[in-house]
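Please look over the sequence and the structure below. The paragraphs that follow lead through them part by part.

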Amino acid sequence: MNVRAAAAKVIYQVVDQGQSLSNVLPAAQQDVRERDQALLQEICYGVLRWLPRLESITNQLMDKPLKGKQRVFHHLILVGLYQLGHMRIPAHAAVAETVDATKNLKKPQLRGLINAILRNYQRQQATLDEQSISHDAGRYGHPSWLLKLLKNSYPEQLEAIVEANNTKAPMWLRVNRQHHTRDAYRTLLDNEGIATELHPQAGDALRLLKPCDVTQLPGFADGWVSVQDAAAQLAVEYLQPQSGELILDCCAAPGGKTAHIMERQADTQVVAIDCDEHRLSRVHENLERLNLTAQVLCADARYPSDWWQGEKFDRILLDAPCSATGVIRRHPDIKWLRRADDIAALAELQAEIFDAMWLQLKSGGTLVYATCSITPQENSEQVKAFLSRTADATLVDSDPANPGRQILPGEEQMDGFYYAVLKKQ
């Protein structure tokens, strides 16, 4: 398939149909040539990063919007505009290939319309670009509700958060201690000409100064290393698994933290649960590549009596369902799939799981509450509310007035993440 046609279909599925980019993009990549897969990803990510700007320009160039069965061609126009305004593809090639996509999309009669719009943009680009950033959504590339939340919660860091969200995420590796120390694996990378940087707290993390395909990483297929952001790797630093312990990884898919626990402490007994059967397949795949064994259950964390009759857990990692507002740079579709009222609903679900999991923790046990969100409602306020209603919970190494650690996107090159450590009396 023409890569621009594939991109238009992906954007249509995400923006108009509310599907996840993580689900539709891999399927679309199978329909294009292997050499075009990275280009398809770049276009889809870029359009979703700068959607309000591109929509604004499109609205200026069209007399009336495309509707119904022609909606995919609206998104094809966005694909063309993104190439012309943000990529290094020669303009003539971007226009020609985008116009040619109308054949793949079975409406060649729209060639003239697509061509005219893209040519008009070229002629008026400076003016249209300036108009597209005259409102906050266009300037920042974020929906109004999210900008309002960020302004209220992080007025001083707003610009930095938005900038981080709109940049490409770095590539972090997690070195498997069962095979190599971080320093030893770093030497292997050095020998391959792959330059890296350490993280001051994540003890197994290496950041590639230039991302590469995983097939270029020594021993990837043999489980020597995995791809995982440094912020997510901090989970094991806060959990501190010990030899022989029974540990629950709650809401575990796709399984990176489950694996990291066992890489760090090989003789732990780990139970990994998630309520999404499809996403659990990723857990099994990761464990198989890493040659690790955990008890993996499809289960609803709110109702542990339905799936667990064993002894209580020494440690629980509660990586709660959340808005994922800390990982927008990796998943730009989050900006357009989330709604303002999702936050309250998620906070209510988190509280239910929090209470249920606390009852599954042994006295003297540790629970690490984590999200990849940056909204206070899901994080510090959630933990404060839990502490106020839970007499036998003690916050560890943190101020109860502002509990836990909020990592903002881009901080130390990490994704946005939140951690709070609690001890059961």
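How many of the 16 residues of α5 are buried? The answer is 14, and the helix is mostly covered. This is a predicted model, and α5 in it runs over residues 71-86. From the first C-alpha to the last, α5 reaches 23 Å, close to the 22 Å expected for a helix of 16 residues at 1.5 Å a residue.

T58 lies in α4, the helix of residues 51-61. T58 counts as buried because its relative accessible area is 0%, under the cut-off of 20%. Apart from neighbours within four places in sequence, T58 is in contact with H74, I77, L78 and L81.

The domain assignment divides the protein chain into domain 1 (3-141), domain 2 (142-168 + 237-424) and domain 3 (170-228). Domain 2 and domain 3 have C-alpha centres 24 Å apart. Contacts between them involve 18 residues of domain 2 and 21 residues of domain 3. About 1,600 Å² is buried between domain 2 and domain 3, and carbon and sulfur atoms give 39% of this area. On the side of domain 2, E263, R289 and Q413 supply 40% of the area buried against domain 3, more than any other three residues.

R289 also belongs to the next element to look at, helix α14, where it is buried along with L280, V283, L287 and L290. Helix α14 spans residues 277-290. Its 14 residues reach 20 Å from the first C-alpha to the last, close to the 20 Å expected at 1.5 Å a residue. What do the buried residues of α14 pack against? Their partners are the strands β1 (171-175), β4 (225-227), β6 (269-274) and β7 (295-298), together with α13 (256-264). At the start of α14, a side-chain oxygen of D276 comes to within 3.0 Å of the backbone nitrogen of H278. Just after the helix, N291 takes a positive phi of about 55 degrees.

Some further points concern the backbone. Most residues other than glycine have a negative phi, and most peptide bonds are trans. Against that background, A253 and P254 are joined by a cis peptide bond, with omega at about 10 degrees. P254 is in the loop between β5 (246-250) and α13. Q240, in the loop between α12 (230-239) and β5, has a positive phi near 50 degrees. Q240 counts as partly exposed because its relative accessibility is 37%, which falls between the cut-offs of 20% and 50%.

A324 has a positive phi too, near 60 degrees. The loop that holds A324 runs between β8 (313-319) and α15 (334-337). Is A324 buried or exposed? With 14% relative accessibility, A324 counts as buried.

An unreviewed UniProt entry annotates C372 as "active site". C372 sits in the loop between β9 (361-371) and α17 (380-389). C372 counts as buried because its relative accessibility is 17%.

Note on methods. Residues are numbered from 1 along each chain as its sequence is written. This is a predicted model: local features need pLDDT of at least 70, side-chain atom pairs count only at pLDDT 80 or more; totals for chains, interfaces and linings use all residues. Side-chain values use heavy atoms; hydrogens and water are left out. Helices (H or I, at least four residues) and strands (E, at least two) are DSSP runs, numbered from the N terminus. The expected span of a helix is 1.5 Å times one less than its number of residues. Buried means under 20% relative accessible area, exposed over 50%, partly exposed in between (1.4 Å probe, protein chains only). Contact means heavy atoms within 4.5 Å. A polar contact is a pair of N or O atoms within 3.5 Å; within protein, one must be able to donate a hydrogen and the other to accept it, and residues adjacent in sequence count only if both atoms are side-chain atoms. UniProt positions are given in the numbering used here, feature names are shortened, and annotations may be inferred rather than shown by experiment. Domain bounds come from an automatic or database domain assignment. Buried area is the accessible area (1.4 Å probe) that two parts lose on being put together, summed over both.
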